[in-house]
Amino acid sequence: MFPGSLSTPKVDVIIDMGNPFLNLTVDGFLKIGTVAATRAAAEDTYHILQKGNISSRDFEKMLKKMCKEGAYWGTVAGVYVGMEYGVERIRGTRDWKNAMIGGAVTGALVSACSENRKDRIAIDAITGAAVATAAEFINYLT
């Protein structure tokens, strides 16, 4: 154990869509989409600096990658948060099983939209369930 505590800054953007499901989905999209876009920008900036020069083509490529990554991961996060909330509402309880089911449905949907075969969709559903459940358990520990 480490003495003391570790905390991260909390950023809340409140957009009221008039529905808790939509509010959570948009919030998940914006937060994770921003993280993904920032990661893409940092990665491309590193490669540009390694190369030693910057061109307008490099900058344009970086912006496109930021938008693509932000939109993709934001959408995945929005679907997951919406699924987890929907499962919570249907089951009438708040526990780790909501994360597991939401992760499985999200993994399957994202995989199916990528035109994967049935076996790949099942594997991605299992992976989504495992990652979401692990994240939920880790969240309980902190």
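This is a predicted model: local features need pLDDT of at least 70, side-chain atom pairs count only at pLDDT 80 or more; totals for chains, interfaces and linings use all residues.

Reader: Why are α1 and α2 called roughly antiparallel?

Author: The two helices pack at an angle of about 150°, and their axes lie 6 Å apart. Angles over 145 degrees count as roughly antiparallel, and α1 and α2 are therefore described in that way. The crossing in which α1 passes α2 is right-handed. Their contact is made up of 17 nonpolar, nine polar and eight charged residues.

Reader: What makes α2 oblique to α3?

Author: The axes of α2 and α3 cross at roughly 135° and come within 8 Å. An angle over 145 degrees would count as roughly antiparallel, and one of 65 to 115 as roughly perpendicular; the rest, apart from those under 35, are oblique. The value for this pair therefore makes α2 oblique to α3. Here too the crossing is described by its hand: α2 passes α3 in a right-handed crossing.

Reader: Which residues of α2 and α3 meet, and how do they divide by class?

Author: On the α2 side they include Y72, V76, Y80 and E84, and on the α3 side K97, I101, T106 and L109 are among them. The contact of α2 with α3 divides into eleven nonpolar, four polar and four charged residues.

Reader: How do you know that α3 and α4 are in contact?

Author: Contact requires heavy atoms within 4.5 Å. Residues of α3, including W96, M100 and G103, meet residues of α4, among them I121, A125 and F137. By class, this contact has twelve nonpolar, five polar and three charged residues. The axes of α3 (residues 96-113) and α4 (residues 118-141) come within 7 Å and cross at roughly 145°, and the crossing is right-handed.

Reader: What makes a residue part of the lining of the largest pocket, and which residues are closest to its centre?

Author: A lining residue has an atom within 4 Å of a point of the pocket. The largest pocket holds about 1,300 Å³ of space. It is lined by 33 residues, of which A77, Y80, V81, E84 and A135 are the closest to its centre. The elements giving two or more residues to this lining are α1 (20-51), α2 (56-91), α3 and α4. By class, the lining has 14 nonpolar, nine polar and ten charged residues.

Definitions and conventions: Residues are numbered from 1 along each chain as its sequence is written. Side-chain values use heavy atoms; hydrogens and water are left out. Axes are lines fitted to C-alpha atoms, for helices over the stretch in contact, and angles run from 0 to 180 degrees between N-to-C directions. Helices (H or I, at least four residues) and strands (E, at least two) are DSSP runs, numbered from the N terminus. A crossing is left-handed if the near helix is turned anticlockwise from the far one by less than a right angle, and right-handed if clockwise. Ala, Val, Leu, Ile, Met, Phe, Trp, Tyr, Cys and Pro count as nonpolar, Asp, Glu, Lys and Arg as charged, and the others, Gly among them, as polar. On a 1 Å grid over the protein atoms alone, a cavity is a set of points where a 1.4 Å probe fits but cannot get out, and a pocket is an open set with protein on both sides within 12 Å along at least five of seven lines; lining residues have an atom within 4 Å of a point. Grid points are joined across faces, edges and corners, and a volume is the space filled by probe spheres set on the points.
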